[in-house]
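Have the structure open as you read.

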Amino acid sequence: MYAATALAILVVMGLAIIRAILGPTAFDRLLAVNMFGTKTVLLIAVIGFLTGRPDFLDIALVYALVNFLSTIAVLRFFEGQGRKTFTHTEE
Amino acid sequence: MSWIGHYNYWAAIVLMMLGFYVVISRGNLIKKLIGLNIFSTSVFLLYISMGKIKDATAPILVDSTLAPTTVQVYSNPLPHVLILTAIVVGVATTAVGLALTVRIHERYGTIEEDEIRAKDDSL
Amino acid sequence: MLANTLDIITVLCLVLGCFLGITGGIGIYRLPDFFTRLHASSVTDSACAFLILFALMLQSGFTLVTVKLCFVLFFLILSSTTATHALAKAAIQRGFQPLLGREDKR
Amino acid sequence: METVINIVLLTFLCITALAIVQIRKLFCAIMLMGIFSLLSACLFVTMDAVDVAFTEAAVGSGISTILLLGAMTLTSIDEKRPSYQSLIAILVVVVTGAILVYGTMDIPPFGTPDAPIHRHVALRYIQQSPIEVGPPNMVTSVLASYRGYDTLGETAVIFTAGIALVALLGTYRRKTGSAPQKDKPSTLNDHLVLSIVSKMFIPLILLFGLYVQFHGDYGPGGGFQAGVIFASGIILYALIFGVDKAMRVISPSALRLLSAAGLLLFGGVGLMCIINGGNFLDYNTLAQRPIDGQHLGIFLIELGVGITVFAIMVMMFYAFSNRKGRSA
């Protein structure tokens, strides 16, 4: 039961990787990475149950908390780039 | 099915060689650092693969009052200790490398290796 | 009897969660532009996470594990929805336009 | 079943690495590095290395992406095609790889219980550490007690890296550099949803950091992870509300003091052991009962590591983001 769930999550992860590699725009890649992060949390939780030591959910918890950070950082970076191109056109 | 037994090691070697390839063939300094990161991850994988024992569990003592299980086998904790610290040290050294790259960019205006070398020669 | 019912609900939740997850995966792979992909992933993501984690909660009973799963679920739903919202907003600000109508080239 | 998950994840990892090698845009390579790190953390979990996965989770998802992005913003976005041929490089790589694969033939297959690596000191660690040292998490007892010297060395390396970074990039902002940024505050600050959700998240991240710090004896976690998680909380604050405000929360000079204080605490515990008549970092002498001494020693040392790692990580972030203000 858990094994089938883990496999399904792995399939989704594979599709997200393909999108992250192909992704024509940077936003597509960011979306894929974001989705990949969510699926990683789920996979770690399911693996915990699969191996019979579900007390290791702390790792999933870390990802749930901190994964947010990289998305914010990239958005911040986009903003910086926008400002840079903006000043370029000004000059 | 002997290849399954060595699949981890081979994957680690493939990753290591990919990182190595980036480091020796790409001129961009940030790309080189990314390659170095891939290389170090491959080393981490190799160590952790060696520490794993089949059907063993993580090296945290199972509370026998909560989970009355059969005899427990634990994976080897030593590689975990080595790699745990190596990851944090790795990110610190990557940061130093990136700082050097930033300084090189400020001095030379480029982070491509051959352009830097050309500027060095012309000086 | 009770345990049996719980198991059945667990399996149902897991199957539905996996189905939604795979739908989202296919959506993010097949759909034609950024906004359609965004809707595919964001709509399914929260429900998929909720169903799978809820199934795990049913299996773990009243323990610390359930509390941790609750926290994971809470953070996951909060952060992934916020992230997709911020992503859509940033994309609009950068001048991305949603694909309206059907384009002939795929 | 675990073997299947393992093999699939390793294959994904190789595909991602290949894509990183191929892609010319540095930004895309950094995004893929994020996926790479998530995948490797999953692999560490399947291979029972929960503490390692924890560290990778804390470091890889936040800090390393942010540092790479910061460096890329300060330099260039695209990678130029190198002028020289890479055929020789491919040859070198293939030959080295082939030799290494030949070398693996003698390694016992994955998961063998009686491989040489498991016969040496590991048995002692697994069987004796709960009795001799105490904490149920064997990784913590090996890290802090049996191999305390190593950990002291690693902490010193991190500290040195922080000093080197500050020497290279500097922590203080020139007044001319800070002026234009103040008229133009970050627009992420205006992003209402984002700032409110972040305000909810930051205390929870900090709280979780403390939990990881002090629960590391019983579950996965410890000083290294806690320091990074705590730093992530501060960095999130800086990303949303601006570095200036974050610097008012915790100033660079305070960070410098903290980074040294953590390392000194570590070394001080070692010296205390000598004063009490034991060897360096021999915690048994710290209290009446040896096991209490071990407990106290591990607690203090993890605290020292946590403080140093936290201070250095935030210092690195400040250094990169201030440089941005200076060159703009």
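Start with C:Cys48, which is buried at a relative accessible area of 2%. Keep in mind that this is a predicted model. The closest cysteine sulfur to that of C:Cys48 belongs to C:Cys18 and lies 7.0 Å away, so the two are too far apart for a bond. The cut-off for a disulfide here is 2.5 Å between the sulfur atoms.

What about D:Cys42, buried or exposed? D:Cys42 is buried, with a relative accessible area of 0%. Its closest cysteine sulfur sits in another chain's residue, C:Cys48, but at 14 Å that is too far for a bond. Over all chains, the disulfide count comes to zero by this rule.

## Who touches whom

Five pairs of chains touch, and the pair with the most contacts is B and D. Chains B and C, on the other hand, do not touch: 11 Å separates their nearest C-alpha atoms.

## The B–D interface

On the B side, 76 residues are in contact with 97 residues of chain D. Together the two chains bury about 7900 Å², and carbon and sulfur atoms give 77% of that area.

How many salt bridges does the rule find across the interface of chain B and chain D? There is one. It pairs B:Lys52 with D:Asp48, with the closest N and O atoms 3.0 Å apart. As for the helices involved, α1 (2–25), α2 (29–51), α3 (77–108) and α4 (113–122) of chain B each put at least two residues on the side that touches chain D. The largest share comes from α3(B), with 24 residues. Sorted by class, that side of chain B has 49 nonpolar, 17 polar and ten charged residues.

## The C–A interface

Now for chains C and A. Here 42 residues of chain C are in contact with 40 residues of chain A. The area buried between them is about 3600 Å², with 81% of it on carbon and sulfur atoms. Within chain C, the residues that lose the most area to chain A are C:Ile28, C:Tyr29 and C:Leu87, which together make up 15% of what that side buries.

The rule finds three salt bridges across the interface of chain C and chain A. In one salt bridge, the side chain of C:Arg37 meets that of A:Asp28, at 2.6 Å from N to O. The elements of chain C that give two or more residues to the side touching chain A are α1 (2–30), α2 (34–60) and α3. Which of them supplies the largest share? That would be α3(C), with 16 residues. By class, this side of chain C has 27 nonpolar, eleven polar and four charged residues.

One last stop is C:Ser79, found in helix α3 (residues 64–93) of chain C. C:Ser79 counts as buried, at 6% relative accessibility. Leaving aside residues up to four places away in sequence, C:Ser79 touches A:Ala64 and A:Phe68 from chain A, along with D:Phe201 from chain D.

How values were computed:
Residues numbered from 1 in each chain as written. Chains lettered and ligands numbered in written order. Predicted model: local features only at pLDDT ≥ 70, side-chain atom pairs only at ≥ 80, totals over all residues. Heavy atoms only, no water. Contact = heavy atoms within 4.5 Å. Buried area = accessible area lost by both parts, 1.4 Å probe. Salt bridge = Lys/Arg side-chain N within 4 Å of Asp/Glu carboxyl O. Helix = DSSP H or I, 4+ residues; strand = E, 2+ residues; numbered from the N terminus. Nonpolar A, V, L, I, M, F, W, Y, C, P; charged D, E, K, R; others polar. Buried < 20%, exposed > 50% of the residue type's maximum accessible area, 1.4 Å probe, protein only.
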